[in-house]
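Please look at the sequence and the structure below before reading on. The paragraphs that follow go through the strands, the helix and the cores in turn.

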Amino acid sequence: MDVHLNLPLQQFRVFESHDLDEARDAVARVFCPHELNLLHPRSVLDARMHSVPLNRQVSLNYVQYGPGVQIEPGYLTNFFLLQMPLRGSALIRCGAQSMESTAGMASLPSPTEPLSMRWGDDCPQLILRIDRAAL
């Protein structure tokens, strides 16, 4: 049985890869440049992204990495990310605040504070990207 059947937004596939650099570059084209590192260096990445624009300023995205990752985008500046883990958890640090985001607790980091995220193993997320100008 293919574990990738029936993934959210799968008809809007942007990429799938086991290569860290390819995954970072593809996600950066939709969101912003960022650092991406495996939490466990010998892990095998199972990265994929699906993305559908809802209009010119809003997109709905599905992102998974498989094993745990550290994501360092810094300042988002021009957009908000409403991040909703489908399972697992992610530690979100934005400015002086931090929180654990889970399937029951989405995160909405400020675009004007530095952002750092640590997604745990098996923590796929639905992410709504909203340009600041839209709000």
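Helices (H or I, at least four residues) and strands (E, at least two) are DSSP runs, numbered from the N terminus. Residues are numbered from 1 along each chain as its sequence is written, and side-chain values use heavy atoms, with hydrogens and water left out. The model is a predicted one, so local features need pLDDT of at least 70 and side-chain atom pairs count only at pLDDT 80 or more, while totals for chains, interfaces and linings use all residues.

E3 and E4 run antiparallel and are joined by seven bridges. Two strands are said to pair if DSSP finds at least two bridges between them. One of the bridges links Arg48 to its partner Gln64 in E4. E4 also pairs with strand E10 (residues 125-131), again in the antiparallel sense, over six bridges. Here Asn61 has Ile127 of E10 as its bridge partner. Strands of a sheet pair through backbone hydrogen bonds, either parallel or antiparallel.

How many of the seven residues of E4 are buried? Six of the seven residues of E4 (residues 58-64) are, so this strand is largely enclosed by the rest of the structure. Buried means under 20% relative accessible area, exposed means over 50%, and partly exposed lies in between (1.4 Å probe, protein chains only).

Next comes an open sheet of five strands in the order E2-E5-E9-E7-E8, with antiparallel pairing. E2 and strand E8 (97-102) stand at its edges; each has a single partner strand, so one side of each is left without a neighbour in the sheet. Within the sheet, E5 and E9 pair over four bridges in the antiparallel sense. Gly74, for example, has Leu115 in E9 as its bridge partner.

Helix H1 covers residues 20-30, and its buried residues are Ala23, Arg24, Ala26, Val27 and Ala28. Among the elements that cover these buried residues are strands E1 (13-17), E2 (35-38) and E3 (47-55). At the start of H1, a side-chain oxygen of Asp19 comes to within 3.2 Å of the backbone nitrogen of Asp21.

The nonpolar cores come next. A nonpolar core is a set of buried Ala, Val, Leu, Ile, Met, Phe, Trp, Tyr and Cys residues joined through side-chain atoms within 4.5 Å. The largest has 25 residues, and those with the most contacts inside it are Phe15, Phe31, Val63, Tyr65, Val69, Ile71 and Trp119. H1, E3, E5 (69-74), E6 (79-85), E7 (89-94) and E9 (115-119) each supply at least two residues of this core. Leaving aside neighbours within four places in sequence, Trp119 is in contact with residues including Leu39, Val63, Tyr65, Val69 and Ile71. Contact means heavy atoms within 4.5 Å. A second, separate core of five residues includes Leu7, Leu9, Tyr62 and Leu126.

Two backbone positions remain. Most residues other than glycine have a negative phi. Leu9, in the segment before E1, has a positive phi of about 60 degrees although it is not a glycine. Leu9 is buried, with a relative accessible area of 17%. Thr77, in the loop between E5 and E6, also has a positive phi of about 60 degrees and is not a glycine. At 39% relative accessibility, Thr77 counts as partly exposed.

Terms used:
A polar contact is a pair of N or O atoms within 3.5 Å; within protein, one must be able to donate a hydrogen and the other to accept it, and residues adjacent in sequence count only if both atoms are side-chain atoms.
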